[in-house]
Structures are given as C-alpha cells and as structure tokens.
Amino acid sequence: MTRECALLLPGVCAALADPRQPGSDDTCLEKLLDWFRSMTEFDPSVSLVQDNPCLTEFITSILALPEPSPSILSFTLRLAGILASSENRFQHLQQEKLLVRLFGVDGPLSSTVWEDASVRSGWVEGVHSMMHHQPALHFLCNGGGIDVIFALQGDPSLFVASSASRLLVHMLIFSVESETTKPFSAKDFDWPVCARMIIKHIEDSLQSSSASHVEQSLKLLTSLFSSCHSRWTEVLWLGIAKQIESFLTDETVQAQRMLANLLLNMAWSPVFCDSEGGLWALVTSALEHLTPVQVGPLAVGILRLYKCPQDVRIQALTVLLQPMDCILRAASQPLEYAGLLDESVSDPAAVESLLSSKSSCASLLCQTLAHLEELLSLVYLRVDLPYTSLLRSLMTILQFCNGFLSPASPLGSTISRILINCFRVQSSALDVLAALSERKGCDTLIGSLFDVLLAYLESPNTTPTVLKKTFQATSKWLVRLHELSCSTSQWQQTEKILADVFLVLQKRLCSPCWEVRDSSLEFLTVLIKCLRDQDEFRQSLLSSEVPRLTENLLEDPESYVRASAVTAVGHLAFITFFAPELPVIGNQYNKENTIAKLQEILSKDPEGFPRRAVISMFTKWLRQGCTGRMEDTERFVSRVIQAVEHDLDWEVRLGGLELVEVFCSQTICQLGLPRCSSVPVSSAVTSSIHQNRSLQVFCRAKLFSFLFRSLCDCDKPVGQRACDILFALRGNFYPTGTARDSQETGELPAGHGIAWLQRTLRQGSLAQNFPTGGGNGVDFEDPESMMLALGTIDLEELHDELNRSSDHVEKSPQSLLQDILATVGTIEENEADCY
Amino acid sequence: MPEIKVTPLGAGQDVGRSCILVSIAGKNVMLDCGMHMGYNDDRRFPDFSYITQNGRLTDFLDCVIISHFHLDHCGALPYFSEMVGYDGPIYMTHPTKAICPILLEDYRKITVDKKGETNFFTSQMIKDCMKKVVAVHLHQTVQVDEELEIKAYYAGHVLGAAMFQIKVGCESVVYTGDYNMTPDRHLGAAWIDKCRPDLLISESTYATTIRDSKRCRERDFLKKVHETVERGGKVLIPVFALGRAQELCILLETFWERMNLKAPIYFSTGLTEKANHYYKLFITWTNQKIRKTFVQRNMFEFKHIKAFDRAFADNPGPMVVFATPGMLHAGQSLQIFRKWAGNEKNMVIMPGYCVQGTVGHKILSGQRKLEMEGRQILEVKMQVEYMSFSAHADAKGIMQLIRQAEPRNVLLVHGEAKKMEFLKQKIEQEFHVNCYMPANGETTTIFTNPSIPVDISLGLLKRETAIGLLPDAKKPKLMHGTLIMKDNSFRLVSPEQALKELGLAEHQLRFTCRVHIQDPRKEHETVLRVYNHLKGVLKDYSVQHLPDGSITVESILIQATAHSEDQGTKVLLVSWTYQDEELGSYLTSLLKKGLPQSTA
C-alpha cells in the first residue's frame, strides 16, 4: 500500500462506518474489496492489519452499530474474510474476537439483517475468502457454521444458494487435500472431520424425500467432479453410486436433467472415465432411460469425449439422431422406409409423441439441431455421421417449415402442421446446414438442396433473421458446389444455380427492409471473397444486375447498408477494374467513378460506419497492390490522408494510420532500404539516396503532418498507432545507434522548429492538444526537417506515455479512496439519479 | 395453482442495470438487458449463467423485451446475443431499434478507446444484434408464439420508451421500464389502459420523492447558462449523444430565440445529425405541442445550434458546447474540459449521473485538484453545476399508474431498497394489493387465480330465473348447464341446446345389476311373484307387466331367467337409466332381500 493510500484509509473507514452518511456507491465498495484482494493475494503477512489498525477498528465499529445497513454489513463480512485469508491475519482478527462476532452463531446470523440477501451473500463470500488454511476450517466446523452453509444451499436467492454450493465444494476439496494424513488408499480411506460432515450431508440429502435436497446434492457433486480430479472422488462416488443409479429408474425423483449433467462431468474426469467403476454402464442406462429432451446434452457431451468406449459413443449418436430419423420416416411413404437409423436405443414412440405435440415439437427439434451443429463443429468426430441422411432430414425439416412438404402419413402431416412458419426451427436447421457443407459425402443431394435454399431466398415469408441464415448456408454450399463442379465438370448445373441465386439477390437488394439489404450485401461480399477466382462465378455475377444495384446502395439512407455497400463495391473492384484481365462484360465499370464515389463518402458521409468501411477498403486495395504505379499510389494516399485527418470518428483516423503504415512499408520495400534489399548495401551514400527518395515521397504525401498531429489526438489509440509508425520509420531511416542527439539540433537550420515540436508533443500528448494554427515554423513537407524530427524527438518517452492505460488514474486505489472521501456529505440525490 | 415467477438479475433493489426474468404460464421472458457503467470488467453485465442451469439460453427464453434505449436497459444486449449466444427473438419499439445502436456504438467507442479493454462487443456485433430485433408499434398486439403475446404502451421518459404487457392466456404482467407521468418539453406522459394485470413490475427510482416542478429546474439551468455567457464565460455540457441532449437543445434554442442572444451554441458530436433525424422521423412519439407545430417549424431543426469544430474551443468569447461523453472520462468532452477548467469565468454543467473514477464524478463530489495522466495536476477553477433532468415518475406518478392499470400485485424494481420499502407500504395500504421488492437473484412467486369469463345463454338464464329468485350480483347462484368451449370462448347453455348446437345425439346410459333369488318355480311364475311384490310396495309408481314377460317400473326394466347350473335359482336382470338412479338402487336392494312368502 502506498503512503498516500495509507494516509487516506483511516478517513475512508471512518466515513464508511458512519451511519449518518448516506450509503456509499456499491461499485466503490466492490472496487475497494478488489483492492484488498489484490493486496492480500500474495502477501500472507500480518502487516496490512497491523499497520492499518483502522481496518479492525472499522469492523469493531460496524459490529457495535445497533442497526448497520445491510450493504455496509455485507461489505464488512467480505472484507473480514479477505483479511482472514492468511493464517497470520486470521489469528490477529481472532485475538480481537472479530471473526466469531461476524461469522459465529451470535453474529448477524441471528439478527434481523440476516433476512437481507446481501448480508447472507456477504457471509458466504467472507467464509469462502478465508477458507485457505486449517484454522479457518476448524473455526467454521466447530462453531456450527457448516450447518449454516448446508441451509444456505436452499436459499431463496439464487446468488446465495450457488455461492454456498461452491463454498462446500471448496471446503471438501480443501479439507481432504490439506487434512489427510495417511497416504491414499481406495479401500480404507480416512476422511478428515470436515470432509466427513459434508459427505454425510450429501448422503443424507440424496436419501431425502425432498426433491430440492436431492437436487442440491447432485449440483454439488457435479461441481465437485468437474473441478477436482483426485482419486478420492471415486471413493466418495462408490458410497453413493447405488443411490444415484436408482434415480435413473425412479420416476418419482425429478432429477434426471441434473443426473445427465452429473454423469457428463464424471465422464470428463480421468478418475472415472478410466476406471472400472461402472460409469459407462450408468451412462448407457441413462441414454436408455432419460427422455429425449433430457438425454440430448448428455449424448452430445459423450460424443465430444476423447476417451469413451466406442459402443457408448454409437449409442449416444443414435439417441441424438432419433428425432431426425423420426422426421425422415414421417416424411416417407408408408412402405418406403427411409429412416436414418438401423435400430434405436430407446422407444421411438417417445420421440414420435414429443414431435407430434405442439408444445414440445419445436423445442425438441431446436435442441437436437443445436447439438448437431455443435457436433459438426468438432474437428475430430470419433463416430461416422450419416451425412447424406442427415442432409435429407434437414431438407425435410426446412420443407415442413415453409409448407413445401405435407406428407400423407399421419405423423408427417401433424409435424408439418406444427412446424409451418416456425422460425426458430428454420434458423436452427439452417445453422446445421451451413455447418454440414464442410463435410464431404452428401453431394448427391446438392441439386435438390439448392431448390430448398432458393425457395427460402425467394419466399416473402422468410423473416430477415432466417434470410440471413439462408444466405450464410447458401454461400457455404456454393463454395462446396464449386469444388464439386471442378471435380465432375458439371458446369451447367453450377451456372444455372448461380444465375438463380443472382436473380433472387437482385430482388433482395431492393428490399424495403434494411436488414435484408444489408444481409444481401454481406452475402455478396462473402461470395466474392470465396469465389472471385472462378470464371463461371464472375461471369454470372457481372452479367446480372447485382453490381449496378450494389453501387446504388452506396446512397442508401441506412448507414449500415451504405457501409456494407462500400465493402461489397470494394470487393467487386477486384473482379472488375482491378482484375488482371478486364472481363469483357465488366468494361462498363469505371474505376475513376467508383473511387471518386468512395472518396466522397469518406469525406462527406455524416456517419462513421461508411467512412470506416471506405478507409478499410482502401487499405485492402493498397495491400493488394491495386492502387497503380508509385506516383498514383502517392497521390491516392495523400488524398486519403487529407480526407481523414480531421474526421470526427477516431476509428476512421486510426484506419487512416493503418493505410499510412501499409504505404510506408510498401514504399520502403519498393525503394529498397537496406533492410528490405536482397543485396547488402555497403555504401552509406546509396543508402542515404534511397532514404531520401522514400522520405521525399512521404513528405509529398503530407504523411508526417498527419503522424505528428496524431500523436496529440484526444483518442489514445490514434496517438499510439502514430507513435508506432514513427518508431518504425525511425528504425528504417536510422540504423541502431545513429539517431541524433537532441543537443545538436539547435545548431541546425530547422532546429528551432523541431525543438518547438518536441516541446509541443511532450505537452500535447499529455494535454491532448496540438495547436490548430499550424506548425510554428515546422515544415512537415521538408525531408530534411522530418529526418531531423525523427532523429531527435524522444519517441521512446512518448511511446511509454501513450502506452500507459488511459484510465490508470481512474482505476488507481488512491483515486478511489479520494472519491469515497469526497462523496462524504454530498447531496444524496446525485447517487440515485441514473442516466 | 398457476404462478408467475420474477427474478431480477439486475435492478432488484438497485439502479445499476435492468435485467428481469419473468416466468408466466410456462413462458420465460427477459425484460431489459442492461449494462452497469460503473465497472470495467464482466461485472458490468448481468450474470446470465443464472438464467438456466442446464440447456441453451435460446431454448429456455421465449423472448427478450427492451423497454428503451438507455444503456442501463439495453447495454448488454449485443453481449448477450452475440457473445453469450442467445439467438431468439428480441422486441423493442421502432424508435428504440433506431436509436439503440447509436448509443451502443457511442459507448463501445469510448470503452475500446481505453487500453486493455477486452471482452467487449464490436460494431459488427451491434449490427448483427440489431438485425435480430423485431420492432413493434404502440398498442400493437404482437404474437411471439401461439400462446405468448406482448403489447407496448407509451412510457414518456425518452423517445421510444415503452411499457410492455406480456400476456399468456388470461394471465398477464405489465413491465413499465422507466416512465414519466408528467409530459416534458418534447415527450408526453406515460399512459396505460385499465388492463388489470396479475402483476405490475414498476420502476421506483423516485419512490419517495415528489419532484419539484420541472419548470423550476429549467429556469435554474437557463439562468446559470445565461449568467456565465453574459460575463463572457464558456459553458461545457457533457452529454451522451441522445436523450437528454435533445431536451437541453430545445430548451436553449427557445431561450436564445426569446432573449435574442448571440453567443454561439455548438454540438460537438457528429451523431447529433442522426439523432435529430430520428427525432424528426418519430415525431408521433413526441408530445402534442411538438406534433402540432411540426408543420410550421420542426422543433429539431435548430437555428442557433451549430456543429462544433475542434478549433473553436480556443476561440475567445462566450460559447456553449455540448460534448460527448457525458461523464468526462475520455474523448472530446474531457479535452474541452482540460482547456477551460482553469478559468473561473467558465462553467461545466453535468446533466446526469457519473460513475466513480470518472472526472465527472470527481468534480461533482467537490474535488478541485485532479491528477491527470503523467501526474499532472489540473486545478479546476471553473464552476461545476449538477442539473438533474431525469424523466422518471415520482411517488405520485407511480401511484397514479397503479390506479390506472389496477394490477392485482405490484413488484418494485430499479430503485433503492430503503425508498422502495416506504413506497411498498404506501401501495399496500392504499390499493390493498401485495407489493414485492426482490433483491437481485431472489425469486418472487405470485400465485394467480385466473378468472375466466363465461357467457350464459339467455334460454338457460330464463329457465333458471323461472325456477328461482331473480339474479343478485352479490349472492352467488348455483346454475346447471353444459359448458361449451369453442372458438376461444366459454359458454354455459342448457344440455338440450348444447346437443343441438354441437349436432350430437344424447347417449342413453343404463345401469344393470343381477339379483339372484331362490325360487324353484317356472320363470314366468317368478316374474309374476316379483310383479305382485313390487306393485304392493311401490304404490305410487307405474309398475307394468309386459307381454314379453318383463316388468317395468318407470324406466326400470326387470327380466328373469333360470340359472344355467341351478334351476332352483332365478336370475333377475335389472336395468335402469341414470335419471332413475335412486329408484333403481332402491329396487335392487329390495329385490336382494328376496320375495315375501305371502305373495306365493
């Protein structure tokens, strides 16, 4: 703790303990606790409490209050817990009997303030903080505190209940791992006292007739097995395994969902997944007995496991695919069985009945689809997924949802009636469809798949959210289609599909709904990014109306759409006027026109998004070498700098600096400084000429004025970026150790200006203020001056200053203490008023 | 018994960040998804892990509703939908949908401006989130799914703010969000119809305050600005891009016009244009006065307020500047503050709450020597004023809304515990309804007693009144009839009418019973003995002996057959209708006693 803070602390404690003062802002108290936590975390010594007696005095005075406010009492409990986190400080507080009075049975526990959830929460958190040494453990177990925690597991406040559960897990692990004296033995394990109390509580709760008690114990076990992978957990498990197994078949116990979670967490633990302890038999039984809704998370969790018997995996997959199997069967003719599974694990009737009920059909399907998407996102899947059938089932679901399929079977017609226009199911199915595109093996259906996708793209009933997902799936499958047509040479089908897609895209680009126009543009950009090298794609796109409509959207009233249009137009340029060979059908695209339009947006658009999009596109163009010859590029960059340097949006200015950075490195590379040159430059003269050429280019492009001014930008990231660039430039122009001594500059002709610049920058970066009037004699376009500036200005100092967090004052403990002290006596109304 | 459960994850006994979970008739709805600006880490967002212990959020929640665009009500939305993974529907009004992203973007920019900020949403995430939003109109009933419907009501407070009614079947909850029961310079007063919800969840920021007249506060504000400008000082007003800024702009604009003042007023952010555009676009959401004068002159086309350029801050002479951000913690407003702070002629007016740590908070709490970056000390000599223009309902307003909506229960959120406690007692006393105030993480369960309206057919009513007394509203009356549930309505009609309406034929239900009696005689003789016995006992009833050998007593039919194995035992088959249940039972027990000897 700094001296300043130590001086402020007594006053703060006194203010907090004063019941006449209005309660301090909760965030202040939280931040104060953060500070104490950071001070005690790595320092077990007693000095904090000894050197600052105001802390114990504060606790004493709060305990002496007849009616402390719940928030300050809760704060005190948590503070005391943090202070007592080391044995030394614990003993110190114990000597004054503070901990007994705070956490013992006669403390807040037995007063009316206990009814306030924040006090209970403070009590649990306080205990948790101190629970890092044995005296604390004994203090709690001997003083009856552990029963309080057991009771708090069922607290009406979710926060308190879950903290209590976490605390018990922590205590159990801590007790076993710190108090066990004998070496571990599975047969004859001697539980320490505290652990024994907790285990007894778990066993009793599991046998209880109260569902909530069972639930609490299952939660506790789940969290224990997920956080502790020691071998003793198995001994604990063996004692309760039978009881838990019985829950699977006992329908009176409503804990199946929890059970699935428990088993899953056990399966992740190396203790259980490797042992013969019967975990897999239990998992198998769970897969059979749990309802389709309960079993989903377990099944998908099993499939994510690295270590798991293959038969259990297959069983889990079967369970997961059951609803999809049912969908396929429901859609097929009675005699033509076209399911997805050869056999099922549990009764298919259960799935059928859930799917034919209005209240459960959509939720079961959404859950299954989400699990399938999760499965498809795995890099290594250790079972074979029947991709083709899965795709067929997805298409069936999508067709049920848009009313394109109404099968004759009673189940099929029921499901299709329920699913029609169900956007939740549509969204989920499209997500899976997109994920499936990356898996090979379902190519035979690709033609009919596009029929389904196009129907969605065309339908006026498709909601904007569903349309966006359809676009995402379509773009992924178009890439797949292209790969396929490359290998099979089925270009006709591809061309037909592309033509249809662009036809519908044309319509969507004119939608009255901005969300649709925006998603359409994003879709177009993705397509160009992925397929711009393909002739058929380029031809289809350029022969459609899409490019023209896209350009029109640069004037859209919605700024989001304008920004997306900028990005799309920028990418279109890669296949039109920036293409190595200008396509015949693309010759109507006028490069100058488009660039002028984008430049106009950059300097005139009233909103940030389109301007940001333009600057980022320009940088992309520059990176890809599309801006033409050196001189053209120089002019281009110069124009861009002029447009962005006074932009109100700091992210646009930052984008401008990014462009400058790319330009600098490209120029230096092209003009061949020693660093980039393939031939080592031996002569200092050659090097100096090269340097001068780059420097001249940079000066002509007005780059230095932008960079130096940016150092004083009122938004930190801009200054930091500018400093980084200047730093890099100096590295290029001045090989290590050759930078000038600032003493020398005064003697040079440009020296006065540069000295002024250095002073200004030093103050400016702090005051965030570069004089608006100009450079006071500094010529930012003069190579010599700029070379001098680079060499003399203390960029390291600026760099360090700028890289300091801009809110370090805001975050400092001293500022916090000052703020709390300053708030004493201010009008209460300021506190309550919100936004 | 049906129940409604409410669990605040935020705004339970605090004003930090609103996020309230409501469970009604099996549907789960999240009301608001706010952010706490006082934290720099994950604590700024509600802890969404408490929503569901198992399963996906999208499967659990049926929808999210956002009441208005303030960040303590919508600031966590992009985080929730794009980073936590909620992929379901989100509802808000049209103006909120339009303005919300501006504020989110504004805040994002300020946040990422600082170093080390991670785990914060990007611009793309804000856009993707807004694309998922379904915008609703006032008083439009929106069907979220087949059972769940929502409806927005005008809430005042800020442009587009709405109260929402959430209804499943005949159970309903109204969530007020933030509201204002008195019209202000550009917005009207909140209004709701007498919808009698099972539960009204109301904000209670000013639970114990009766706000002084808004006019006084406005006069004060104008006086201070005027005095400063008159003596040649500069006035800085740090604001967020939208909301209060517009109100203050209107105030100054009209004042400048009236007093013919010449000092320039600048608005430093490029966002104003867009903000004002939305105020013009959503003119129907403003108050009557603005709407009326709209044709002649748009209130939001300011004559005196001009765009600010960074260079203007150094100009000599008086001026008024609106600059973002509102808490003086970064960017333009802080830059101007640094320039002007040292001159006692100048003034800064803070029109809103500032979180701890910000320069705004420090100067409001009276600190005059501020440590800036690089250990520089900035001495604040300029005057510092606080001006609250918060548009919340005061205690009187809250009571007025309760009177309007007539809820069966009230639950208070978005306020301080002590003040809520006071208001809670007042509400319970005055309205005789239960009032709750759960803390964050605490669940309040309200048992509902859904009253289901049933229509009674005139025929049935006439018949019932013909046999009894005239209906009396105060006395419950027993009615017999058939309940028809059809086309979402319930009707009580006479059984005959029900059959006719539904095109059904009445089923005849007959009870049967076999009675064994010892009688060695022939069957027809046994029948005759039974006939005579019954005729003798049941003198008031019509007992008949039919030609086919059976006996009837009213609707009761008796037939006799000899026992297949024992000819000395006769089996009497007795059957009767439901209407003659009493007589049938009596007759069976009579026969079970056997036949008297004398009748032989």
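The structure holds 67 salt bridges over all chains, a salt bridge being a side-chain nitrogen of Lys or Arg within 4 Å of a carboxyl oxygen of Asp or Glu. This is a predicted model, in which local features need pLDDT of at least 70 and side-chain atom pairs count only at pLDDT 80 or more, while totals for chains, interfaces and linings use all residues. Residues are numbered from 1 along each chain as written, chains are lettered from A in the order in which they are written, and side-chain values use heavy atoms, without hydrogens and water.

**Exercise 1.** Find the salt-bridge partner of Arg517(A) and state which parts the pair ties together.

*Solution.* 
- Step 1: The partner is Asp556(A), with the closest N and O atoms 2.7 Å apart.
- Step 2: Arg517(A) sits in helix α28 (514-531) of chain A, and Asp556(A) in the loop between α30 (546-552) and α31 (559-575) of chain A, so the pair ties together parts 39 residues apart in sequence.
- Step 3: Helices (H or I, at least four residues) and strands (E, at least two) are DSSP runs numbered from the N terminus.

**Exercise 2.** Describe the interface of chain A and chain B.

*Solution.* 
- Step 1: Count residues. 84 of chain A are in contact with 87 of chain B, where contact means heavy atoms within 4.5 Å.
- Step 2: Take the area. About 7400 Å² is buried, and carbon and sulfur atoms give 45% of it. Buried area is the accessible area (1.4 Å probe) that two parts lose on being put together, summed over both.
- Step 3: Count charged pairs. There are 16 salt bridges between chain A and chain B. One of the salt bridges joins Glu522(A) to Lys131(B), with the closest N and O atoms 2.9 Å apart.
- Step 4: Sort the side of chain A that touches chain B. Its residues comprise 24 nonpolar, 22 polar and 38 charged. Here Ala, Val, Leu, Ile, Met, Phe, Trp, Tyr, Cys and Pro count as nonpolar, Asp, Glu, Lys and Arg as charged, and the others, Gly among them, as polar.

**Exercise 3.** Trace the seven-strand sheet of chain B and the join between β11 and β20 of chain B.

*Solution.* 
- Step 1: The order is β7-β8-β9-β10-β11-β20-β21 in chain B, with mixed pairing.
- Step 2: β11 (199-203) and β20 (409-413) of chain B run parallel, joined by four bridges. Glu203(B) has Val413(B) as its bridge partner.
- Step 3: Helix α12 (395-405) of chain B lies across β9, β11 and β20 of chain B, at about 160° to β11(B).

Methods
A polar contact is a pair of N or O atoms within 3.5 Å; within protein, one must be able to donate a hydrogen and the other to accept it, and residues adjacent in sequence count only if both atoms are side-chain atoms. Two strands pair if DSSP finds at least two bridges between them. Axes are lines fitted to C-alpha atoms, for helices over the stretch in contact, and angles run from 0 to 180 degrees between N-to-C directions.
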